[in-house]
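Keep the 3D view open as you read.

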Amino acid sequence: MKRMLLTKKRLKKGLKGWLSALPFILPGLILVSVFILYPMIFTIQISLSDYRIVTGEITPVGLLNYKNVLFETKEFWYAYRNNFLYAIVTVPLIIFGGLIFSYLVNNLKKGQTFFKVGFYLPVITSWVIVSLVFKYMFGNSNTGMINYLLVDVFHILDDYVPWLYRQWTGNGAIWLMGIWKNMGWAMLIFLASLQGIPKELYESASIDGAGIWNKFRYITISAVKPTIYFVMVNMIIGAFNVFIQVMLLTSGNPNGTTTVLQYLLYNRAFSKFEFGEASAIGLISAVTIVVLTIILNRTFLLDQNRNGE
Amino acid sequence: MMEKNQYQKFKTRNTFTQIFIWSFLLIALFIFSIPFLIMIASSFEEFSYVLPYPPKIFPTSLDFSAYTYVLTQHNFLTALKNSVINTSITVVIAVFISSLSAYGFSRIEFPGREVLFGVYLFTLMMPGFLNIIPQFIVLKNITFIPGLSHGLVGSRLGLILIYTATSICGHTFFLRGFFKSVPMALSESVVVDGGGHFSIFFRIILPLSKPAIGTMSIFALQGFWEEYFTAKVLVGANESMITLPLLLQRLNGEHATRWEWVFAASILALIPIIILFMIFQKKLVIGGLTQGAVKE
């Protein structure tokens, strides 16, 4: 009897909580449900079907789309590999560069704003614009800046290289652009966390005779560790969202060796109208990202616990 | 005496370090800026289908014909208008709805709150492009709005709805962190005065979170301004709804690329964002953005 009363009381309290929360969360909840959660479930369904967008017909085909994506062509594996390579190559360099620049800018007495804005410019410039500039720089004749410098000015190479038409130079251009575009973001985030470090720490280290490198290693790095993790996770997830630069720089050529998952998905869906296969690609990447995030979380938490002891 | 000497030494070393850092950063910044310099230099050239040789980093002439061409042709003004309208409406709606949600998730107890918030967090891990196909289909099937019998694909409303929806989870997550840091005692004074959650939200939380909300709005604005993928899929086929990133890409694709047009248009698209960032960069509270995330 008493228990029933208690449950009733709890139910009432819960209902009251929902009633007062609803005006706040409902607008967001509706939009998220209709345009995020429902589409997610729908994506799973499409990935298991043959979907005709014009008629709206959905015929279940089991795992056929997954089989086609994974085993029919090599493109998927190139894309999968390239996303990982992009993360492996660019993320460490972005973090390293961001740390160095933020540390130096933070140590400036004058002109902090100037450098802050300067290094941040690539971040606020749209991907479309920077991709177009890079395409122009990596042009395959002597009008491309890179070829001009390497062949005509410094005579390092004998002949012009079609950078964007070869597998590794094409990927290299995509990586370079990723590093250049994101380093300013990492810098800005690190700068914020550096400014939270008490000045006294550095001062006492100076009095003890610590040089710029030692101060960087022992004070700065340990203070910004959580921020490094934040930047790393963001950048790794970002590495699986690479799209515009691939579309504009290489279009995945030659033979799909520079493609990435998002470009592949876009291509399957909106050029070939293979929505089932496109959804399968999307879900495989989603699962990959979730697994990756869990692994990163585990490693980082372990690392933090060890430091805490 | 000795103390003064040592101080002097410390000071010279400091000045030397400052000069060193300055020169290092200047060189780095110059290398960093090369793509921009190329863009600016090339936008003042008259290429007429032949690319200039040698490629230029600094402009040799000041020919504004590319700018006048872009400003008078190619739907530039339509794209500019669309980008301004889409971006500003989306930011206002998205930030307001997210603030409401963040208040609900940080200040009101209700059963299942953590689970629901977990779902929001989970969607953040999903690649943004995963949902684009069903989103397209959902918009296509929203046919009950008068005047839009073919659904919301290709319409401004459709694009704004998708932009808003996709940003809610992330914004809610960040703002929740800020709202939590506002002391509860402050809201109690409102409760004593007989105010409810809405008074707390509008009179305490919103005013106190202005820097955080402002920072987030700037970042959101920049993101919507440059958004390409969703716009391409949803309104790419509708000439009157074209946005700046779509126009830039189109300038690049048409016949032999006239790079001076592409770059002039790019610079024009870039200027508003740079001005915005320069005005607000001192006020951005970036530290809080990561704090909210890391503390979770």
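## Helix 4 and helix 6 of chain B

Helix 4 of chain B and helix 6 of chain B make a left-handed crossing. A crossing is left-handed if the near helix is turned anticlockwise from the far one by less than a right angle, and right-handed if clockwise. Helix 4 of chain B spans residues 113-125, and its axis comes within 9 Å of the axis of helix 6 of chain B, at roughly 120°. Axes are lines fitted to C-alpha atoms, for helices over the stretch in contact, and angles run from 0 to 180 degrees between N-to-C directions. The two helices, helix 4 of chain B and helix 6 of chain B, are therefore oblique to each other. Angles under 35 degrees count as roughly parallel, over 145 as roughly antiparallel, 65 to 115 as roughly perpendicular and the rest as oblique.

From helix 4 of chain B come B:Tyr120, B:Leu121, B:Thr123 and B:Leu124; they meet B:Cys169, B:Gly170, B:Thr172 and B:Phe173 of helix 6 of chain B. This contact of helix 4 of chain B with helix 6 of chain B has five nonpolar, three polar and no charged residues. (Ala, Val, Leu, Ile, Met, Phe, Trp, Tyr, Cys and Pro count as nonpolar, Asp, Glu, Lys and Arg as charged, and the others, Gly among them, as polar.)

## About the model

This is a predicted model: local features need pLDDT of at least 70, side-chain atom pairs count only at pLDDT 80 or more, and totals for chains, interfaces and linings use all residues. Residues are numbered from 1 along each chain as its sequence is written, while chains are lettered from A and ligands numbered from 1 in the order in which they are written.

Helices (H or I, at least four residues) are DSSP runs, numbered from the N terminus. Two residues are in contact if their C-beta atoms, placed from the backbone, lie within 7 Å.

## Helix 6 and helix 9 of chain B

Helix 6 of chain B (residues 156-181) also packs with helix 9 of chain B (residues 210-226): their axes come within 11 Å and cross at roughly 155°. Helix 6 of chain B and helix 9 of chain B are therefore roughly antiparallel to each other. Their crossing is right-handed. The contact of helix 6 of chain B with helix 9 of chain B has eight nonpolar, two polar and no charged residues.

## Where the chains meet

In all, 77 residues of chain A are in contact with 74 residues of chain B. Helix 1 of chain A (residues 2-47) gives the largest share of chain A's side, 19 residues.
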